[in-house]
Amino acid sequence: MLNYLLSPTRYDKRFRPMSKGPPVEVACDIFINSFDSITETTMDYSVSIFMRQHWIDNRLRHNDTEPIFLHEIHRIWTPDAFFPNEKDGHLHTVTVENQMARIHSDGQLLYSTRYSLKLSCYMSLHSFPMDSQTCRIKLESYGYTTKDLKFEWKRDKPIQKDDDLKLPQFGITGILTKNCTKVYSTGTFSCIEAEFYLEREVGYYILQAYLPSIILVVLSWVSFWISYEAAPARVALGVTTILTLTTLDAGIRSQLPKVSYPKAIDIWMAVCLVFVFAALVEFAGVNYISIYQKKLKKQREEVKEYVEEKKRQTKQVDKNQEVGCECGTENIEMEPLERRNQTTISNGSTNVTSKAPTAFQRLMTADNIDKISRIAFPVVFVTFNVIYWPTLLSR
């Protein structure tokens with residue numbers, strides 16, 4: 001039967017069916033066997049499919065009641081379909097070439113092939129890692145224009161997938177098929193495409209990025225409960241958290257493409273780094289204030305000692321005057337202490353000045369700054385989370 005149908009005297013595969021008539025209509029459907037390896041750095045994904053094409057070739061009509069199976073596909077005319085967004089792909093050949101044709105008595109042909117493809121998929125990563133992506137698979141005629149060949153999706157279940165099909169980081173939320181006929185300078189070519197709507201599963205990034213960064217930020221706050229006099233402990237804690245967070249951020253960035261816009265996780269890591277760095281800067285400020293306070297306290301003690309000495313000398317002068325003794329003492333004019341906002345002591349070339357502390361200075365002590373930081377840092381971080389998560393989830 002095959003020898004008769006495909007004899008050179010009645011069948012020439014170089015010509016399409018109805019070569020002088022209307023275009024050949026090819027109905028397509030795809031069965032997705034596997035869908036994996038979605039890579040953000042190269043913006044592509046891998047898929048294994050069974051591609052089935054249906055068309056009518058009246059030259060292959062026969063009287064047999066059963067369809068005729070043909071594995072020598074090179075003997076018949078087939079559509080010149082290709083995948084425009086393909087980066088790499090191959091026809092499976094283990095253990096034999098995974099392709100076959102089924103010829104029905106009315107000339108209806110089923111052409112089935114199994115491919116593994118790597119297809120490009122442009123991704124918008126503004127909301128990463130809580131983003132949704134749309135990846136496409138396109139099928140287009142390479143040489144035949146729409147005057148000779150038209151692709152269309154099969155009406156009944158054009159896209160099918162394995163019931164056990166699961167993606168490691170994404171969930172397939174929907175599949176849409178549509179026409180994408182292209183117009184080039186060489187003509188109009190039939191094209192169809194299927195869009196896969198993918199929603200990223202955030203569990204991996206919660207465990208590997210968000211939770212560790214939150215722990216590091218909270219860990220940096222421990223320094224507020226360590227005495228500011230224990231400088232080595234606080235500095236070591238601050239530097240360690242900064243370096244750990246920087247390493248964590250670098251590990252996440254290595255898995256992503258270098259895009260010009262900030263991603264949601266970039267904003268998160270940047271804010272966490274600011275909080276950790278601010279905790280270290282807070283200690284620098286507290287340490288400076290504590291040194292200043294010690295210096296100011298020492299000045300006040302010196303002033304107090306000097307004033308006490310002057311009082312003692314004044315009393316001695318008054319006592320000598322009462323007994324009529326002139327001992328060559330100097331006249332000393334003392335301002336009432338209660339009227340002094342500032343006491344200046346001159347002793348040769350040394351001037352000691354002591355200012356009464358203002359209300360702000362009495363409030364902004366090293367101890368009080370640590371106490372304020374224990375409350376302010378968590379409140380600001382919680383406020384950031386209240387803004388960050390609803391904004392991200394609403395995109």
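Mentor: Helix H6, which runs over residues 366–393, has 28 residues and reaches 40 Å from its first C-alpha to its last, close to the 40 Å expected at 1.5 Å a residue. Please keep in mind that this is a predicted model.

Trainee: OK, and where does H6 bend?

Mentor: The bend in H6 is at Ser373, and its angle is about 30°. Ser373 is also one of the buried residues of this helix.

Trainee: Which other residues in H6 are buried?

Mentor: Besides Ser373, the buried residues of H6 are Ala366, Ile369, Asp370, Phe377, Phe381, Phe384, Asn385, Tyr388 and Leu392. As background to such a list, an α-helix has 3.6 residues a turn, so residues three or four places apart point the same way.

Trainee: New topic: which residues does the cis bond at Pro129 join?

Mentor: That cis peptide bond joins Phe128 and Pro129, with omega about 10°, and Pro129 is found in the loop between strand E7 (108–120) and strand E8 (132–141). There is also a cis peptide bond from Val94 to Thr95, where omega is near 0°, and Thr95 is in the loop between strand E5 (86–91) and strand E6 (99–103).

Trainee: What about Met18, is its phi positive or negative?

Mentor: Met18 has a positive phi, about 50°, although it is not a glycine. Met18 lies in the loop between helix H1 (2–5) and E1, and with a relative accessible area of 39% it is partly exposed.

Trainee: Then Lys157, where is that, and is it buried or exposed?

Mentor: Lys157 sits in the loop between E9 and strand E10 (159–161), and it counts as exposed because its relative accessibility is 56%, with the cut-off for exposed set at over 50%. Lys157, too, is not a glycine, yet it has a positive phi of about 50°.

Notes:
Residues numbered from 1 in each chain as written. Predicted model: local features only at pLDDT ≥ 70, side-chain atom pairs only at ≥ 80, totals over all residues. Heavy atoms only, no water. Helix = DSSP H or I, 4+ residues; strand = E, 2+ residues; numbered from the N terminus. Buried < 20%, exposed > 50% of the residue type's maximum accessible area, 1.4 Å probe, protein only. Expected span 1.5 Å × (residues − 1). Bend = angle between axes of the 7 residues up to and from the residue.
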